Amino acid sequence: MIGGFIVVIAVIYLLRLFNLQVADSKYKEYADSNAFLRKAVYPSRGIIYDRDGRLVVYNQPAYDVMMIPRDVKDFDTLDFCRAVGITRDELVKRFDEMRDRRRNPGYSSYSPQRLLTHLTAEDYGRLQEKLYRFPGFYIQKRILREYNYKAGANVLGNIREVNQKDIDKDEYYKPGDYVGDIGIEHTYEHFLRGTKGVEVLMRDALGRIQGRYEEGALDRDAVAGKNIKLSLNIELQQYAESLMVNKKGAVVAIEPSTGEILCLVSAPTYDPSLLIGRERGNNYNKMMRDLDKPLFNRAIQATYPPGSTFKPTQGLILLEEGIINTGTMFPCSHGFISGGLRVGCHGHGSPLPLKPALQTSCNAYFCWGFKAMIDKRGRYGSSANAFDIWKKHMVSMGYGYKLGIDLPGEYRGFIPNVEFYNKAYGDGHWSANTIISVAIGQGEILATPLQIANLAATIANRGHYVTPHVVKEIQDTVVPAEYLKVNTPTIASHWYNDIAEGMRMAVTGGTCRVANLTDIEVCGKTGTAQNPHGRDHSAFMGFAPYQNPKIAVAVYVENAGFGATFGVPIGALVMERYLRGYIPDDRKYLEERMLHSNTIQFAGTKKH
């Protein structure tokens, strides 16, 4: 028994020694920290250019005051505070926050802790001269973003300090590091951030730095992040944002052949430089409280009824399903009237076929066509089966699900399914008349401006689209394949020619006349989307030129009334500015009207 007891005690000691010396690295770290100081060397973050090589985002040096708590001796706090430009109370508060393990879970008196961030160049200079008076403190050089243009904030994103969730998710990050937050700074973080280096410094018995360990044999150089070229034309982005001042909504422009986004505007927007430096937190909180939601990316997150911009999809489905041909005519006596149901319309010729229906944006035509399909039980068996086929066509054209843009936070919009209507009206107790408003992009239908622009790009391409994306090139590597996928809807390509011709007629003699240019063949479709919460929304989608299109555009202006009032002029100006590089004198009046108009007053909110 005595021998067994001795063996048990010996085993316990051995296990404890193994845990201390091998399994648990804490004591090794303590020992190493007595002999060495490992200073992180932060890499230069990748620089961002626009599609034409204009510098958009670059780096500027920033300085943080770091300290190793166990090495800090008594020091003149007043002198220190004067050097870094803070009060003694602020210094005490920062010490308390640093030691609070709830706020700073990684706190250790043996490891470097960040005390102050973003020293100005003047503060840095003053402190550097006096640093020898403050043992345990040192200055860590970091990188802050700088912006050449006050544009594209919701696309570019920003960088912020990591939180515990970031640290737990990726061992690359340590407390005090920065990470991409929203926009491409987030999506392409692993390309932009680079690789941290390390500098190993040797201490003496009193903890004083004696120089590099083994002449830098264990040092590791930082590797700069990869530069990125955007698909955005930053000058077009600036221009489109200027047209949307004092308005709520979005503008999205795409190069149809590549899926590259030329501009992506969310309005109201903000200056990206507001989210850098010491005032980042205050500015962020102000924008979070702003009722106009400048941080909300309406281009990919707002879901709106698409209104009449939806009608080309209806024409394509009806043609594909053989419900109509280009000569099929439907009546319109100022609207659609069936079984006591009425959907209003405006004055135009009647009856009329598909292309003039697109030209005049006839509600009745697409309601009759939708009814002819959904109620065609002899072919589909039931309204539910017909609607299921209708929805599959819609999804194939990019509606109802995320398109997969390389920006975080994209919303899917909404295309209802059979189960939705069965739950609302009862299984088999609904028909085309019950849900007729979806035929004209109303009712339950919701879409993002990006999805509407993508439809314009699909028609421009005559039957396919490339997943929209905002990054064109990545230094020394390729853009991930999922952002470059070619997608083909379930609609035969030849039907798109008829829809494109109808959209061309809408510009030359229909609802989009403001977009008619003498030497550029523009195709377009207006949308006046009913809004149950107030004034109607103004929408437009189109592309140009008619043959070999270079740009597809969607514009959505909240509470702005008819599509021709704001949607069409803004869309036309964006296309013209991109294709010409300027707005001619005879159209300056239109530009001035859009630049100085105000529709945000109708949205029921105000700036704070």
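Reader: How many residues of strand S18 are buried?

Author: This is a predicted model. In it, strand S18 covers residues 523-529 and is mostly covered. Of its 7 residues, the number buried is 6.

Reader: Which residue in S19 stands opposite Cys523?

Author: Strand S18 is joined by 7 bridges to strand S19, residues 537-544, and the two run antiparallel. Opposite Cys523, S19 places Phe543.

Reader: Why is strand S11 described as largely enclosed by the rest of the structure?

Author: Strand S11 spans residues 249-255, and both of its faces are covered. On one side lie Gly249, Val251, Ala253 and Glu255, and on the other Ala250, Val252 and Ile254, all of them buried. S11 is largely enclosed because the count of buried residues is 7 of the 7.

Reader: What is the bridge partner of Val252 in S12?

Author: S11 and strand S12, residues 260-267, run antiparallel and are joined by 7 bridges. Their hairpin has 4 residues between the strands, and in this hairpin Gly259 takes a positive phi near 75 degrees. Within S12, Val252 has as its bridge partner Leu264.

Reader: Which residue in S20 is the bridge partner of Ala253?

Author: S11 also pairs with strand S20, residues 551-557, through 6 bridges, and these two strands run antiparallel. In S20, the partner of Ala253 is Val553.

Reader: Is Ser361 buried or exposed?

Author: Ser361 is found in the loop between helix H14 (354-360) and helix H15 (363-374). Leaving aside neighbours within four places in sequence, its contacts are Ser308, Lys311, Cys345, His346, Thr511, Lys525 and Thr526. Its relative accessible area is 4%, and the cut-off is under 20%, so Ser361 counts as buried.

Reader: Are helices H10 and H21 roughly parallel or roughly antiparallel?

Author: Helix H10 (residues 234-243) and helix H21 (residues 567-580) pack with their axes 10 Å apart, at an angle of about 160 degrees. Angles over 145 degrees fall in one class, so H10 and H21 are roughly antiparallel.

Reader: How many of the residues in the contact of H10 with H21 are charged?

Author: H10 passes H21 in a right-handed crossing. Leu236, Tyr239, Ala240 and Leu243 of H10 meet Ile570, Leu573, Val574, Arg577 and Tyr578 of H21. The contact holds 8 nonpolar residues and no polar ones, and the number of charged residues is 1.

Terms used: Residues numbered from 1 in each chain as written. Predicted model: local features only at pLDDT ≥ 70, side-chain atom pairs only at ≥ 80, totals over all residues. Heavy atoms only, no water. Buried < 20%, exposed > 50% of the residue type's maximum accessible area, 1.4 Å probe, protein only. Pairing = 2+ DSSP bridges. Contact = heavy atoms within 4.5 Å. Axes fitted to C-alpha atoms, helices over the stretch in contact; angles between N-to-C directions. Parallel < 35°, antiparallel > 145°, perpendicular 65-115°, else oblique. Left-handed = near helix turned anticlockwise from the far one by under 90°. Nonpolar A, V, L, I, M, F, W, Y, C, P; charged D, E, K, R; others polar.
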